[in-house]
Amino acid sequence: MIGTISLFDCTLLWATGTDRAVGMGLVGFSLLLFTYYTIWVIILPFVDSDHVVHQYFLPREYSVILPGIAALILLLCVGTFIGVVTRKNRKPKVD
């Protein structure tokens with residue numbers, strides 16, 4: 001088909017080298033964080049508690065506390081963003 005461009009093609013056309021580098025960095029960080037958390041929560045409980053690998057991970061209580069704190073911070077940021085955008089877009093009252 002001539003003249004059709006996919007969303008992926010448009011993204012590649014518009015993204016600069018810096019945007020791509022930052023995007024790949026974020027993807028890499030997310031992959032690393034996901035792998036760490038998966039090993040910590042799913043695999044580590046089946047490993048003996050005196051094994052050397054346990055020194056690289058926090059206690060299991062934090063596997064619930066840290067995502068909870070992250071969720072609260074995310075909700076705070078989203079709520080603040082919505083509040084700021086709503087205030088900026090408020091139309092002045094006509095007297």
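Modeller: Happy to! Let me begin with a term we will need: rings of Phe, Tyr and Trp (for Trp, its six-membered ring) count as a pair if their centres lie within 6.5 Å. Keep in mind that this is a predicted model.

With that term in hand, a search of the whole structure turns up three aromatic pairs. One of them joins Tyr36 and Trp40, with 6.0 Å from centre to centre and 50 degrees between the planes, so the pair is tilted. Both residues belong to helix α2, where they are four residues apart, about one turn of the helix.

Two packed helices are described by the angle between their axes and the distance between the axes. Here, helix α2 (residues 17-43) meets helix α3 (residues 62-88) at an angle of about 140 degrees, and their axes are 11 Å apart. The two helices are therefore oblique to each other. On the α2 side, Tyr37, Trp40 and Val41 make the contact, while α3 contributes Tyr62, Ser63, Leu66 and Pro67.

UniProt, in an unreviewed entry, places the feature "transmembrane region" at residues 21-44 and 64-85. In the model, residues 21-44 are 96% helix and 0% strand, with end C-alpha atoms 33 Å apart. Residues 64-85 are 100% helix and 0% strand, and their end C-alpha atoms lie 32 Å apart.

Finally, follow the chain into the loop between α2 and α3, where you will find His54. A polar atom of the His54 side chain lies 3.0 Å from the backbone oxygen of Asp48. For the backbone oxygen of Val47, the distance to a polar atom of that side chain is 3.4 Å. Leaving aside neighbours within four places in sequence, His54 touches Leu44, Val47, Asp48, Ser49 and Arg60.

Technical notes: Residues numbered from 1 in each chain as written. Predicted model: local features only at pLDDT ≥ 70, side-chain atom pairs only at ≥ 80, totals over all residues. Heavy atoms only, no water. Axes fitted to C-alpha atoms, helices over the stretch in contact; angles between N-to-C directions. Parallel < 35°, antiparallel > 145°, perpendicular 65-115°, else oblique. Contact = heavy atoms within 4.5 Å. UniProt positions renumbered as here; feature names shortened; annotations may be inferred. Polar contact = N/O pair within 3.5 Å; in protein donor to acceptor, adjacent residues only side chain to side chain. Phe/Tyr/Trp six-rings, centres within 6.5 Å; stacked < 30°, edge-to-face > 60°.
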